[in-house]
Amino acid sequence: MVHLTAVADEATFLLHVRQKLGARAANRFSAALAQPSTTLVDRVLRPHLFQLDHGGDIEDAVYYPVAILKRTPGRNHELAQGLATGSAAYSIDAPEPWAVLSFFANALRACRPDYDEQTGQEIWQPPSERVVFGPFHVFTFEHDVPGIDFLAEQMSWVMSRKKPSDSKMGRLFARLSEHADFAGLTANYSGGKSLHIHAVYDMRLAVEALNLGIIADLRRGFVAHWHLLAPTVRDVLGLPPDVGPDPMLSFPEAYRRLPNAFRLIEGDHVLGVPPGTWVRQVTLFEQWRNRAASGVTGLFFRPEPFHQVPVASRTRPPSSQDSQTFVGVGDLTSEQIAFCEKMLKRHFGDWPRLSGLTHLRGRWTARFFNSPEDQNATSVLRDDHRNILLSGRGAEGLRTEPLQFPLWRMIRLWVAQHARLHHSGGEAVNEEEVVVRKPVSSVSEHPEEAAFREAAQSSDARTAMRAFFLSAVPAHQLLWVRGPEGSGKSSALFAEHHRIIERIEAPGDPQLALYGFGDYRTAVEKCTDFNEAQRANGFIGVLLPSFSEAYARACAELSLAPLSQGEAARRGYSSLWAAVKATQPEVMESFKSRHTEMWASVGDSRLVGFTVHPVLHNWQRESPTRTMWARSFWEDAHNEAERRERAFRETALGLAVHDEVRVESIVEMQPLEVLQWVKRACEAHEPARGRVGIDRQHAAFQAFVRESGPPTIGTEVWELSFDDFRRMASAAFGAWTQVTTRSSGEYEVEQEAEAGGDGDRPDIYAARHGRVWAIQPRMWWNGLAIHVIALTTEALPTAVARRADPSWSVFELDAPSPDRGDLQVHAVRGVTARNLSRLCEEWRDRLDLPGAWVVSNRVASLSNSMSHARARGSNELIGTDIIQTMAFMSPDEYERVQALNAWMRRSDACLLRHIDELNQTSGRNLGFRGRAGCQNHLLVNPRLFALLLEGAVIHSRYGLVLHLDRGQRYRLRAE
C-alpha cells in the first residue's frame, strides 16, 4: 500500500492550476478538493466490488477490478476480494484504499489461473473473455488531446456562471437522462491532460426486461453501446469531428481512472507539476439520479448488439511467419490447431483417443476413437458441448471428464495461451483478438421483440414503435420489420426521421433519403404526413415520380399524345428519353419547370423523396427516373454522360424505406418454360439481353416472337409484355432455383358432392401440382442505401425475405391485447369468385349496413368498395363499418403460392396468405387496439374457415365471433 505522506501539497497544485488555467479553473479544483464527491464509488464500487454467494465457487464470483498499478496479471479478482471480505490491510469502508486505487474496470467473472508447466508461470484467462453483467456498467470517454488549451476547454465543460446544470456536463446529464436506465454522470480529472467522463447505467433493468441474461459473450454488445453513446457525448460537448474519444476505453475490461484516487506524476506534466508528485484524480462534476426522469421509459440498452454473431478477425496484420504458416481453417493456423489438439489429448488421455479437430460449415468438431480396435472415429465432441458424445464400437464403459467450458470457448483460450507462450519476437499479444466464431443463442422470441411487446402493452404502441426504430435502425443496415396494422410503423419513422439521421449519418455519407409506397396516391398522402412531422426539423418531403409517370402527367397537361417504349424503339431511338427530347421539346421544358419548382420549395431544407416501389427497386440504375431530380441535372455539363454521372452521385441514398413489402417485391418467380423462352431469345439475339439501346432490344424481342411464337405453358399462351421481358432478360442468366409444386396439405378437405367447379372445391388444384418454377431473389436492396428498412404487416413476405437473403435483420413486432376488437365471422356457402358482388350486396341489407365499405375482389360494380390490395395503407376505412370476404385462391394464385412453399421448404404459405389478407384489411378498420363504434364482418367459405381454424387462426390479431346457422356463437380469440 502506498503511503499517503507522498501526497503533494494541494496549495502548490492549485498554484500550478491558477498559473496555467486561470482563477476560475483553480477555484473549481479548490472547491472539488475541499468537498470530494464520491457517488460513483459509494453506489457502484463499494457495495458491489466483489460478490459471491455463500459457499459458492470462486468462478461464480462477479467483481469490479481495481488496481494501484495498471499492470495487474489478468486484472484478477484478488485485491477486490481482499477488500470486500476484510482480508486486506485496509477496510473497504475506510478512505485509504480508495485514495491509492488509481484504476478500475467494469464487472468481470472471477477465475483461477492455469499453471503452465513449461514456463512455471500462472496464466490468467484474458479479462476480455470474462466480461459479465454487473449491477452497473460504466461507459468512459477520454479526449486525450495534447496541450494546455484543450485542458482549459475541458475545464469549461464542468463550469458555469450560475448553476452546474447550465454547464456542458450538466446538459450532457440532461441528455443522458432521456433513458430510464441512466444512473449518473461523473467527470474527474485524470491527473494528466484530460478528464475521464463516466456515464453510468443501471444494468439490472435491461438484463431482466430485455432478456440479456441468455447472451454468452457480452463484450461486443458493450463495445457497440459505447459507440452508440459516443456521438451524443461529442454532440453535447461540441467537439469537432477530428477530436474523438480514446477507443481503448470502449472495451469494458479496460482500466479507467478512479475518481478522487491519487496518480503519481512520472514525467513532464501539462500543468508543470514536478515528477514524483501525487496528484488527486479529483471529481469535478458529479450528478446522479435517484429515479428515472419524469415520463422517461425507454432504455438505452438494446439487445441486438449483444446478439450479433462475432466475426473472426485478426486485430494485427499477419507477420511474415503467419503468412507462411496460416491455413484458412476457421481462422486458425496449422500450429494453433496442433496446439488445441495437444490440449485435447492432455485433457482426455489415452482413450477415447483424439482422431483430430475438424472445421465444417463454420463449426469445430473433435472426433475420437474408442479403442485400439475401433476403425471409425464415431465418438464426437461438438463445439457447443463440454463432453464427448460416446458412440460406436468400444464406447461401453468409457468415462470422460468434461471440459471446463464448451469446446468453442476452450479453443479461444488455448489459442490465446499458444500466442502468449510461443509468439515470436516478444510482441505483446492483443487480448482483443477473436479467433473462433461463437455459436449464436437460439431463442423463440428476440429480446427486442419482447421489449416492444411489453412497451406496447403498457404504453402507446406508436411511442413503443418510435423507440424501437431509434434503437434498431442504427444497429442494422438491412432492417426488416413486420408489425401490426395501425401500430404506426411509417408514422414512427416520420416522427423520428431527424433523430435517426443523426444516429446513422457519418461525415461524407449520402444525405438523400427515399420512401417507397404501393401507389402514387399513397405516396402523396404519406409525403403530407411526413412534412407535418418534419418541416420544423429541416427536412421536406417531395414526390419523386418515375420518368414514365412524370411524362404521362406532362403530356396530359400539354394535351400531347405520349409515346410508348415500343413506339420509341420502332422510331429508332435508343430510349424513350431520347425520343421525347427529339420530338417533344415542350415536354422537356415542362420537366425543367417542375424541377425548378421542386427545388425552390425545398429551399435550405433537406429533400426527402417519396415515390413508388418500382422506382425504389430500380434506383441503382442510371436512368432518368433517378437523375432528372438531382439538383444539378439541368445545369451545364460538357456532355450528357457527365451530366448523368454527376446527377447519379448526387442522388445516392443514405436511407431507403420500403413500405408494405409484397412477395413480388422480394422474388422474381416464373414458370420454368417462360424463363427458358427468355434465355433462348437472348441466345438467339444478343441485343435481347438489353446491353444496347431499347430500340435494338425491342427489335430483337419482336424478331424472336415472330420466329418462335410467344411462350407457352402446356398448350396455354403465357402473356409476356416487352417490359416483363426486359426485366427477366436482365437476370435470365443469374442464379435461379428450380422447384416443383406439390400439395402442401393446406387445401385438402373432404369433398362435398354438391360442390361446383367454380373455385369452391379443392380438387380443382390437383392439376397445379408437379409444375416446375424458377425463383430468384431480386436483391434490389443490395447497395441501394447505407441503411435499408422494409416494412410489412404480413407473415408471408417476411417468410420469403428470410429465405431470400439471410442478411436481413428480421423483427416481428406484436403486442397481444384483449382489446383489439372483434371480427364478426359469417361462414356461408357461395363465397366464390363469381358470387362475391351479389353476396356482399345481400349482406349489406341483412346486416342493415347500407353505407358499409365492401373490401373484396371482383366487386368493382358496388359503391363504396375496394379490393384487398387497395386496402393496404388506405385511410378511408379508419373507423368505418366494413364487410370483407375470404374465398379460396384461384388455381393460378394457388400454384404460385405452392411454388413458394417448395422454395421455402414450408407447408403453410397458403394459410399465411389468407391470414395476412385478413389482418391487413381488419387493421385498416379496427386499428392496433380496436376502435369502438365500428363493425367488421367477414364472409368466409365454411371449409376454408375450418382449415384456418386448424392451421393459421392463431396468427389472427383480432378476436373472432363466429355466427353459426343454428344461432350458436363461439368466441375465438387468438393469443
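Is Cys910 buried or exposed, and what is its relative accessible area? Cys910 is buried, with a relative accessible area of 0%, where buried means under 20% relative accessible area, exposed means over 50% and partly exposed lies in between, computed with a 1.4 Å probe on protein chains only. The model is predicted, so that local features need pLDDT of at least 70 and side-chain atom pairs count only at pLDDT 80 or more, while totals for chains, interfaces and linings use all residues. Residues are numbered from 1 along each chain as its sequence is written, and side-chain values use heavy atoms, with hydrogens and water left out.

**Overall make-up**

- The chain has 35 helices and 36 strands, which are DSSP runs numbered from the N terminus, with helices being H or I of at least four residues and strands being E of at least two.
- Of the 975 residues in the chain, 53% are buried.
- Among contacts in the chain with a separation of 6 or more, 72% come from residues 24 or more positions apart, a contact being heavy atoms within 4.5 Å.

**Nonpolar cores**

- The largest nonpolar core holds 122 residues, and Phe469, Tyr515, Phe591 and Val667 are those with the most contacts inside it; such a core is a set of buried Ala, Val, Leu, Ile, Met, Phe, Trp, Tyr and Cys residues joined through side-chain atoms within 4.5 Å.
- Helix α15 gives the most to this core, contributing eight residues.
- A second, separate core has 82 residues, including Val17, Val131, Phe141 and Ala206.
- When neighbours within four places in sequence are left aside, Phe469 is in contact with Pro474, Leu479, Val481, Lys489, Ala492, Leu493, Ile500, Ile789 and Leu791.

**His476 and the cysteines**

- His476 sits in the loop that runs between α15 (461-475) and β18 (478-482), and it counts as buried because its relative accessibility is 4%.
- The side chains of His476 and Ser809 are joined by a polar contact of 2.9 Å, the term denoting a pair of N or O atoms within 3.5 Å of which, within protein, one must be able to donate a hydrogen and the other to accept it, with residues adjacent in sequence counting only if both atoms are side-chain atoms.
- Cys555 also counts as buried, at 2% relative accessibility.
- The disulfide count is zero, a disulfide being defined as a pair of cysteine sulfur atoms within 2.5 Å.

**Helix packing around α29**

- Two packed helices are described by the angle between their axes and the distance between the axes.
- Helix α27 (residues 672-684) packs against helix α29 (residues 722-731) at an angle of about 80°, with the axes 10 Å apart; axes here are lines fitted to C-alpha atoms, for helices over the stretch in contact, and angles run from 0 to 180 degrees between N-to-C directions.
- That angle makes α27 roughly perpendicular to α29, since 65 to 115 degrees counts as roughly perpendicular, under 35 as roughly parallel, over 145 as roughly antiparallel and the rest as oblique.
- On the α27 side Val674, Leu675, Trp677, Val678, Ala681 and Cys682 meet Phe725, Met728 and Ala729 of α29.
- The axes of helix α28 (residues 694-708) and α29 come within 11 Å and cross at roughly 105°, so α28 and α29 are also roughly perpendicular to each other.
- This second contact is made by Ile694, Gln697, His698 and Phe701 of α28 together with Phe722, Phe725, Arg726 and Ala729 of α29.

**Backbone geometry**

- Most residues other than glycine have a negative phi, and most peptide bonds are trans.
- The peptide bond from Trp351 to Pro352 is cis, with omega near -5°, and Pro352 belongs to the loop between α12 (334-348) and β15 (353-360).
- Asn260 has a positive phi, near 75°; it is placed in the loop between β11 (256-257) and β12 (262-264) and counts as buried at 6% relative accessibility.
- Asn864 has a positive phi as well, near 50°; it lies in the loop between β31 (853-855) and β32 (865-866) and counts as partly exposed at 37% relative accessibility.

- Gly170, in helix α7 (residues 168-176), is 116 residues from Glu286 in sequence and 9.1 Å from it in space, C-alpha to C-alpha.
- Ala652 and Gln620 are 32 residues apart in sequence and 8.5 Å apart in space, C-alpha to C-alpha.
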